[in-house]
Every structure is written in structure tokens, then in C-alpha cells.
Amino acid sequence: VAGQPFVLVAFEPDPATQAMLGLADGEFSVGLNDADKNYIADETPNVHSNTFVSTQTTEGTKMLHRSTDNNIVFPDMPDEWTTDATRPPSIDEDFLINVGLHVHCQEYASGVKAIAIGNAGSAGSWVVNGDGTISPHDAPHLVLVWGDFTTASCWESATGYMDPQPNNLVLMDSAMALGCEAAREADPAQMCAPVFRARGVDCDHAGHDHGSTCDGLHLEAGVGEVCNWAHGETHGCPVANVPRHRWESDLWSCDQLCGEIGGRCNRAAYMSNNHCGSDVTEQWEFSCWDHVNGMGAWVEDFDPEHALCWCEADDTDHWWHYYDEDDDDDDGLGGGSELVMSGGLVAIGLTFTGITIAAIANAVQEQCALGPTIVYEAGTTHPYYIGPNLCTIGAHTYASKNTVRDASPRKVCRKFCEAASEKGKLALKHVQGLTCYCKRK
């Protein structure tokens, strides 16, 4: 569910409880209790709070684990939750209210409830674990369950002891909760607190994912934010909030960004803001190959972080897409990388007697490219290989008559360049996607 909307889903095995809650198959979710929204009178960043009630999985509150700050926020909230529409007169500032999941009293202990909080800052950091359970970032030993609310250190009336309040979204020791869940498989009569897990909204009732254009893309933390819940997937998987320092240093275009995460660019646009939200609107469209940071030279008040790139996973399984010369320690060719604009090169490929001829018309850069020629073969220690090829720079053609193999795309490209040249006249320049570039020494 990384970067994609989800709902919390738990299972209640007791038939009597299923009947009482109207659960056809025992699964249920949680939703915000509209009647319990409480505005906070104190002058703090917090505007309102709310509790959760059990509901059908189809009615569960949609959540999003935001990679930029690890907050779990609630997208698609109505205006009265996020704007000035129903604020009390004491709150006269005009700011966007962030609504997200919060640990009550910020107390990390079993029996503490999780609530929804609307504020001007951060609701709190969370972790979506590998098994789908949800833990506070600062308390990974706890998980969200449906059970008794038993402690609240910030309530004076609860000091020392409070009467348990059943049917709440609460934290519980994960070893205890998951251990009981496992024991219940052998003994269905075992009474356990139902454990919540994140289920993507693209999954059906059985938990099967029907797919997304974001599937197959590998967006690392800090690179950007998947924003399909706000901007849809008509043009592909929208990636927003790419840090300024990336555009100012090593990222040239949306095409390169999409390539780095394992796809290709379908569309690019400049947005009204950099964050992922339904309140952000498109200002104008630009090309996938445009120099994003360079647009600041002719656009007043331009901010590269406002760029939104729609990416689509490439059908070809080449997750590496961009390799720079300094990716491996044994380079020997010096550091640094060179940007290649996708529209700046013209590749021509012909097949003749088993030899692929690939020529690049780029006399200025004095390079030849074989593309796409790097092949991946799983199950071997040197899974990347290039077959016999010719490489032409200007009027001179270099030839490699043998298949070369190595452990990475860049290493096998270097081998080809060396094998194709006599007396070491060619060297590796760089690898882009499946394309191997050689240069004259």
C-alpha cells in the first residue's frame, strides 16, 4: 500500500458478534464518527479531534501513508473537515487542516486509543509493517487492534485507573495480539482482539489487488510521492513532491525521473503546489523531456517541486533504467555522470547474419550506442549479457564478435566497449535503460 490509499481491515470470528455487527463474513473496518467531532478550544495547532467506529469494509475511512513524513492522513475529506466552513469563531486563521491518525495523549502503551486529529501540522508518524499491521513509528512493538480503551495519561480523571471503554481503535503489544491470533487458528473459541491490517482500495473483498499503473514502479523514500488518489491514473502513475535538490542536481526531466523508478513518462505538468492533495490544480503542461529546473529561466516564481510526472511501468523488466559511471567501485574511469536527453539521439537498428547493427547519429558527443541490447538472464552469477554487435562512430565501425557477460548492466557495457575496440580505443561512457553507450578514448 506504499503511496496508495488503503482502509484498515480486521476479522471477527465470533458468529454472535458477526450477527450483531451485521458482518457477512466477519471482516470489518473503521470509519470516522461524524457525531463525535470535537473542536479544541485551547490555542494549539490542533483544531478538532474525532474517534472511530466499526463499519463495513466498503465504508471504511480511506487512509494514505505519506512517504514524506510517515503521517497516515485521510484523503478526500469533505470541506467541513479541512477548511474554514464550520470552524468556531475562536479559530480565525486561514490554513489548510490536515486530518490524520494520531496516538491519544501521545502515550505509547497497550490500551491507548488511536484517534483522528485535525491540525495545522503533523498528526504523527506511523509504519505499515510487512504483514500489513500498523505501528507507531516510535513504538514498533505496538499494533492497531479493535479492543478496550484503558489508559489516558493526559486525562486527570484517568490517573491511576479508568474504567475500560470497549469497542475502540487501540494499540496493543504486537507479540500478544499476533500470538493470540495464531493460537485462535488452532482453537477458534479463543477470545482475541481483532488485529487491523492495511488493505489497498484497489483490492477486492477477498484482498486481491486488481492492479494499478503504479504497480512495478520502485519509488524510494525521499525521491517523491505517489499521488494517484488525488490525480487519478488516466495518464499513468502521478509522482509529485520531488525534492528541489534532485531537480537542481541530478534530475533533468520527468522522463529521467520515470526511468529511474522503472518506467517511462506519459505526461508532465506544472501544479499549483508541491504537495499531494485534491486541492492542487494543474497550471500548464510541459514535455516529458523538458529540463525541469531550466524552466525557471523563463517562468516567474518557478518552483521545480511543483512538477508532476505521470509514469507508467515499462513492459520490459529493466528496473535499473539509469546507471551512471560512478555506480560501481571498480570504475577506473573517473566519477561523474552525463545526462542524455531522450529526444537528442537517433538510433537505427538492423539485423544481419545474427549481428545487430546499432548506430547513433551524434558526431558532437563522439559516441555510439547499442540499444536496446543489454539482456537479463535470471539464475546465473553474470545475468547481464550483450551479443555480437557493431558500434559506429562517424566513419569508423568497431566490432565485438563474441557475447560478453557480467554482474551488472554497466559492467557488461564496459566489457563490450573494450571487446569492440582494437588497442583499447573505446571505453564505457554510460548506460541508460537497456542502451549501452561507448566513447572514443
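Is glutamate 248 buried, partly exposed or exposed? Glutamate 248 is partly exposed, with a relative accessible area of 47%; buried here means under 20% relative accessible area, exposed over 50%, and partly exposed in between, with a 1.4 Å probe and protein chains only.

The model is predicted: local features need pLDDT of at least 70, side-chain atom pairs count only at pLDDT 80 or more, and totals for chains, interfaces and linings use all residues. Residues are numbered from 1 along each chain as its sequence is written, and side-chain values use heavy atoms, with hydrogens and water left out.

1. The helix H5 pair. Glutamate 248 forms a salt bridge with arginine 244, and the closest N and O atoms are 3.8 Å apart. A salt bridge is a side-chain nitrogen of Lys or Arg within 4 Å of a carboxyl oxygen of Asp or Glu. The two residues are four apart in helix H5 (residues 244-248), so about one helical turn separates them. Helices (H or I, at least four residues) and strands (E, at least two) are DSSP runs, numbered from the N terminus. Arginine 244 is also partly exposed, at 34% relative accessibility.

2. A strand-to-strand salt bridge. Arginine 264 forms a salt bridge with glutamate 312, the closest N and O atoms being 4.0 Å apart. Arginine 264 lies in strand E17 (residues 263-271) and glutamate 312 in strand E19 (residues 307-313), so this pair links distant parts of the chain, 48 residues apart. Arginine 264 counts as partly exposed at 31% relative accessibility, and glutamate 312 does so at 29%. Elsewhere, salt bridges that share partners join Arg244, Glu248 and Asp303 into one network.

3. The search of the whole structure finds nine salt bridges. One of them pairs arginine 199 with glutamate 27, the closest N and O atoms being 2.8 Å apart. Arginine 199 lies in strand E14 (residues 197-200) and glutamate 27 in strand E2, so the pair ties together parts that are 172 residues apart in sequence. Arginine 199 is buried, with a relative accessible area of 15%, and glutamate 27 is buried at 17%.

4. The largest nonpolar core. A nonpolar core is a set of buried Ala, Val, Leu, Ile, Met, Phe, Trp, Tyr and Cys residues joined through side-chain atoms within 4.5 Å. The largest one has 31 residues, of which Phe74 and Leu144 touch the most other members. The elements giving two or more residues to this core are strands E1 (6-11), E2 (27-32), E8 (98-103), E9 (114-119), E12 (142-149) and E13 (165-173).

5. Not counting residues up to four places away in sequence, leucine 144 touches Leu8, Leu101, Ala114, Trp126, Ile134, Leu169, Val170, Leu171, Val195 and Phe196; contact means heavy atoms within 4.5 Å.

6. Cysteine 214 and cysteine 237. The count of disulfides comes to seven, a disulfide being a pair of cysteine sulfur atoms within 2.5 Å. One joins cysteine 214 to cysteine 237, with an S to S distance of 2.1 Å, and is right-handed, with 95° about the S-S bond. Cysteine 214 lies in the loop between E14 and strand E15 (225-226) and cysteine 237 in strand E16 (residues 237-240), so the pair ties together parts 23 residues apart in sequence. Cysteine 214 is buried, with a relative accessible area of 7%, and cysteine 237 is buried at 1%.

7. Cysteine 265 and cysteine 288. A disulfide joins these two cysteines, S to S 2.1 Å. The torsion about its S-S bond is about -70°, so the disulfide is left-handed. The pair links distant parts of the chain, 23 residues apart: cysteine 265 is in strand E17, and cysteine 288 in the loop between strand E18 (282-286) and E19. Both cysteine 265 and cysteine 288 are buried.

8. Cysteine 417 and cysteine 438. The sulfur atoms of this disulfide are 2.0 Å apart, and the link is left-handed, with -90° about the S-S bond. Cysteine 417 lies in helix H7 (residues 409-420) and cysteine 438 in strand E30 (residues 435-440), so the pair ties together parts that are 21 residues apart in sequence. Cysteine 417 and cysteine 438 are both buried.
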